[in-house]
Amino acid sequence: MASKTRSLGPTQPVPSFVSSKSARSQTLSRSDVCAKFITTTADGRTEAITLSIGKPITIGRNPSLWVQSSTGGIIISCQDLSTNGLILNGHKIRKTSVIVMNGDTFRIPASQTFQCILKWRHLHEKHEKHANMFDSKEFMQDLGRFIITSHCLGSGSYATVQLALDTTGHQQAACKIIRRKEGNDLRKEMKEATLLMNLHHPNINRVYAVDLDPEFLYIILELCTGGDLFTYITTHSKHRLCEGEAKYIMYQLLKGLKYLHDRMISHRGKPENILLFSPGPYPRIQIADFGLARPKAYQETLHVCGTISYLPPEGILALEHKHLGYVGMPADCWSAGVTLFAMLTCVFCCICYHKNHT
Ligand SMILES: Nc1ncnc2c1ncn2[C@@H]1O[C@H](COP(=O)(O)OP(=O)(O)OP(=O)(O)O)[C@@H](O)[C@H]1O
């Protein structure tokens with residue numbers, strides 16, 4: 001765990017929150033061009049390589065470019081598979097995956113330089129300002145060793161997640177920004193961060209640092225550049241995963257859940273909260289979003305939460321009968337089973353819950 005970052009001054013700009021509903025209504029089709037990568041050839045001509053959702057491309061000496069459309073917009077990531085690495089905005093990256101923003105340039109050593117022009121800027125950038133990787137002039141917010149950029153990676157009901165840069169570790173990160181409510185108990189607000197800070201597992205999204213100011217709580221997380229599992233399944237060319245890939249993802253999911261359950265923590269998540277560490281087939285996955293996670297999860301709870309489609313029968317019963325409870329850890333196993341079903345069939349159970357008509 002990194003040392004605690006310094007607090008922000010109240011006068012610093014803060015991001016406006018994006019409604020997940022409005023982001024969801026802007027759906028792109030698989031053939032839509034999301035970005036162009038412009039390069040100048042040896043004879044002085046400019047050429048553009050176009051990139052659309054679900055059709056990754058490999059250019060030059062092996063950097064692969066991927067696009068995922070997620071509920072919060074589009075992520076364009078570049079995965080370096082080469083032996084020499086590539087230069088992103090003047091900084092060398094090697095054997096890793098980074099998120100590419102509008103105006104970024106990347107150079108393949110002894111080959112071409114490409115500039116990224118995003119086609120759907122409103123889906124990439126929810127805010128006016130744009131920040132280049134490691135370009136300190138254009139940062140949006142300074143949080144100790146981290147710079148929070150204006151690039152929105154996604155948003156949910158409670159938080160907006162922005163791309164962040166770790167200026168000492170020279171890597172990208174994700175910053176989850178949660179609006180604080182007046183009069184809220186600080187211990188309650190810090191629940192997700194506190195839970196995550198003590199977890200260290202390759203299949204669990206890691207926390208680097210936590211900070212707060214009077215308005216926001218900031219959780220700096222390990223960056224996942226491959227989007228979420230729900231998007232991965234629904235945009236898959238075969239509309240479902242093959243058994244081998246589903247098995248590999250399920251194995252990692254169960255390993256992560258076992259780690260949590262050994263510590264008596266339940267996640268109460270769904271495929272949208274399972275992130276792909278980097279893009280591509282047979283991805284490494286990470287369990288993320290611990291907003292609904294619960295410690296002492298062997299105890300029955302009367303407080304039902306989570307998405308109904310992933311709740312076990314006893315959870316749905318508990319919704320209707322307030323005196324009934326359910327236990328978090330078996331509920332995680334049930335929702336992992338629903339996730340496996342979704343991976344193999346691309347069918348997402350949609351249960352409409354109406355009080356008095358279950
Ligand atoms: N570590 C990460 N790396 C990359 N993107 C991330 C990361 N964490 C979150 N995101 C993106 O941000 C989105 C919102 O994050 P998250 O689900 O944690 O917010 P939330 O408000 O708690 O969501 P919910 O509505 O499910 O409670 C995710 O769906 C994902 O697209």
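**Exercise 1. A helix and its neighbour**

Which residues are buried in helix α7 (residues 313–320)?

Solution. Start with the ground rules. This is a predicted model, in which local features need pLDDT of at least 70, side-chain atom pairs count only at pLDDT 80 or more, and totals for chains, interfaces and linings use all residues. Residues are numbered from 1 along each chain as its sequence is written, and side-chain values use heavy atoms, with hydrogens and water left out.

Step 1. Buried means under 20% relative accessible area, exposed over 50%, and partly exposed in between (1.4 Å probe, protein chains only). Helices (H or I, at least four residues) and strands (E, at least two) are DSSP runs, numbered from the N terminus.

Step 2. Apply them to α7: Gly-315, Ala-318, Leu-319 and Glu-320 are buried.

Step 3. Recall the geometry. An α-helix has 3.6 residues a turn, so residues three or four places apart point the same way.

Step 4. Find the partner. The buried residues of α7 pack against β20 (326–327).

**Exercise 2. The protein as a whole**

Describe the protein by its secondary structure, burial, contacts and surface.

Solution. Step 1. Count the elements: there are eight helices and 20 strands.

Step 1. Turn to burial. The protein has 358 residues, and 51% of them count as buried.

Step 2. Look at contacts (heavy atoms within 4.5 Å). Among those with a separation of 6 or more, 58% join residues 24 or more positions apart.

Step 3. Take the surface. Accessible areas come from the Shrake-Rupley method with a 1.4 Å probe, and for residues only the protein chains shown count as cover. The protein exposes about 17,100 Å², of which carbon and sulfur atoms supply 55%.

**Exercise 3. The shell around the ligand**

How many residues surround the ligand, and which are the closest?

Solution. Step 1. Use the cut-off: a residue is near a molecule or strand if one of its heavy atoms lies within 4 Å of it. The ligand is surrounded by 19 residues, and the closest are Ser-157, Tyr-158, Ala-159, Lys-176 and Glu-222.

Step 1. Check the atom pairs. A polar contact is a pair of N or O atoms within 3.5 Å; within protein, one must be able to donate a hydrogen and the other to accept it, and residues adjacent in sequence count only if both atoms are side-chain atoms. Ser-157 places a polar side-chain atom 2.5 Å from an oxygen atom of the ligand. Tyr-158 has a polar backbone atom 2.8 Å from a ligand oxygen atom. For Ala-159, a backbone N or O atom lies 2.9 Å from an oxygen atom of the ligand.

Step 2. Consider cover. The ligand taken alone exposes 630 Å², and the protein buries 90% of that.

Step 3. Trace the shell to its elements. Those that give two or more residues are β12 (146–155), β13 (159–166), β14 (171–179) and β16 (216–222). The largest share, three residues, comes from β12.

Step 4. Sort the shell by type: nine residues are nonpolar, six polar and four charged. Here Ala, Val, Leu, Ile, Met, Phe, Trp, Tyr, Cys and Pro count as nonpolar, Asp, Glu, Lys and Arg as charged, and the others, Gly among them, as polar.

**Exercise 4. Lys-176**

Is Lys-176 buried or exposed?

Solution. Step 1. Locate the residue: Lys-176 is in strand β14.

Step 1. Compare its area with the cut-off. Lys-176 is buried because its relative accessible area is 10%.

Step 2. List contacts. Leaving aside neighbours within four places in sequence, Lys-176 is in contact with residues including Ala-159, Glu-192 and Asp-289. The side chains of Lys-176 and Glu-192 make a polar contact at 3.0 Å.

Step 3. Consult the record. An unreviewed UniProt entry places the feature "binding site" at Lys-176; such annotations may be inferred rather than shown by experiment, and positions are given in the numbering used here, with feature names shortened.

**Exercise 5. Two positive phi values**

Where are Met-264 and Asp-289 placed, and what is the phi of each?

Solution. Step 1. Recall the background: most residues other than glycine have a negative phi.

Step 1. Take Met-264. This residue has a positive phi of about 60° although it is not a glycine. Met-264 is in the loop between α6 (243–262) and β17 (274–276), and is partly exposed because its relative accessible area is 34%.

Step 2. Take Asp-289. Its phi is positive, near 55°. Asp-289 is in the loop between β18 (285–287) and β19 (300–301), and is partly exposed at 33% relative accessible area.
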